[in-house]
Amino acid sequence: MRLTFEDCLFDSDTREVFRGGSAVPLSPKAFLLLELLIRNRPKAVAKKEIREHLWPATFVSDANLGNLIAELRAALGDDARRPKIIRTVPRFGYAFRAKTRAAREKGTQAPAAYRLIWGNREVDLEAGENLLGRDPGAIVWIDDESVSRRHAQIVIDDSGATLEDLGSKNGTYLRGKKVRTAMELQDKDVIKIGPASMVFRALHRTGPTASTVEGRTRR
């Protein structure tokens with residue numbers, strides 16, 4: 001798992017954390033704690049569960065956990081008074097609150113273009129936020145009462161593409177599952193919003209190519 005958040009990169013395979021492009025030194029326990037919070041995001045994790053994960057069958061005081069949280073916040077540049085990454089849940093535990101993006105694996109080529117295929121329509125996705133919904137200004141306009149005006153969005157950045165639900169009434173579905181947090185998009189993923197079923201495409205530049213469908217439109 002490789003994720004970016006704020007100016008940090010988390011890599012569970014290499015057991016490394018980077019901030020501003022530089023490696024951040026973390027103790028093994030602090031890394032395990034960060035990994036646990038990230039895997040459970042945005043759900044809050046109880047102190048009891050954290051202690052059982054980090055110190056199985058061992059009694060430790062709350063001070064040990066507090067010290068690890070302080071270590072993480074210092075390493076990640078987080079502020080306990082105004083946290084952007086690790087949120088304290090009073091009398092319960094902690095939660096990872098930062099917005100994450102899936103980072104490309106090392107050595108992989110960035111796609112040349114991202115598109116949505118919806119019936120006979122082909123929509124080019126732009127860098128930044130691409131709104132999907134019933135709002136006439138949406139890049140994908142779905143004129144149906146079951147669809148919220150600002151229903152969902154696809155965010156394109158250097159790390160790839162993610163799909164987010166914007167608090168819609170009837171939900172957004174990716175690969176048949178309801179979207180609850182930002183989810184990484186992969187080539188040929190199926191997105192369902194109300195009656196609309198769309199296919200996400202990540203296209204690599206391999207030479208002259210033809211449009212995948214006729215009649216390319218903005219909507």
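Phe31 counts as buried because its relative accessibility is 6% (buried means under 20% relative accessible area, exposed over 50%, partly exposed in between, with a 1.4 Å probe and protein chains only). This is a predicted model, in which local features need pLDDT of at least 70, side-chain atom pairs count only at pLDDT 80 or more, and totals for chains, interfaces and linings use all residues. Residues are numbered from 1 along each chain as its sequence is written, and side-chain values use heavy atoms, leaving out hydrogens and water.

Phe10 is buried too, because its relative accessibility is 0%. The ring centres of Phe10 and Phe31 are 5.2 Å apart with planes at 20°, so the pair is stacked (rings of Phe, Tyr and Trp, the last by its six-membered ring, pair if their centres lie within 6.5 Å; planes under 30 degrees apart count as stacked, over 60 as edge-to-face and the rest as tilted). Phe10 belongs to strand S2 (residues 8–11) and Phe31 to helix H1 (residues 28–40), so the pair ties together parts 21 residues apart in sequence. Helices (H or I, at least four residues) and strands (E, at least two) are DSSP runs, numbered from the N terminus.

The structure holds 3 aromatic pairs. One of them joins Phe5 and Phe96 edge-to-face, at 5.0 Å centre to centre and 90° between the planes. This pair links distant parts of the chain, with Phe5 in strand S1 and Phe96 in strand S7, 91 residues apart.

## Ile191

Ile191 sits in strand S18 (residues 190–193) and is buried because its relative accessibility is 0%. Its C-alpha atom is 7.5 Å from that of Thr172, 19 residues apart along the chain.
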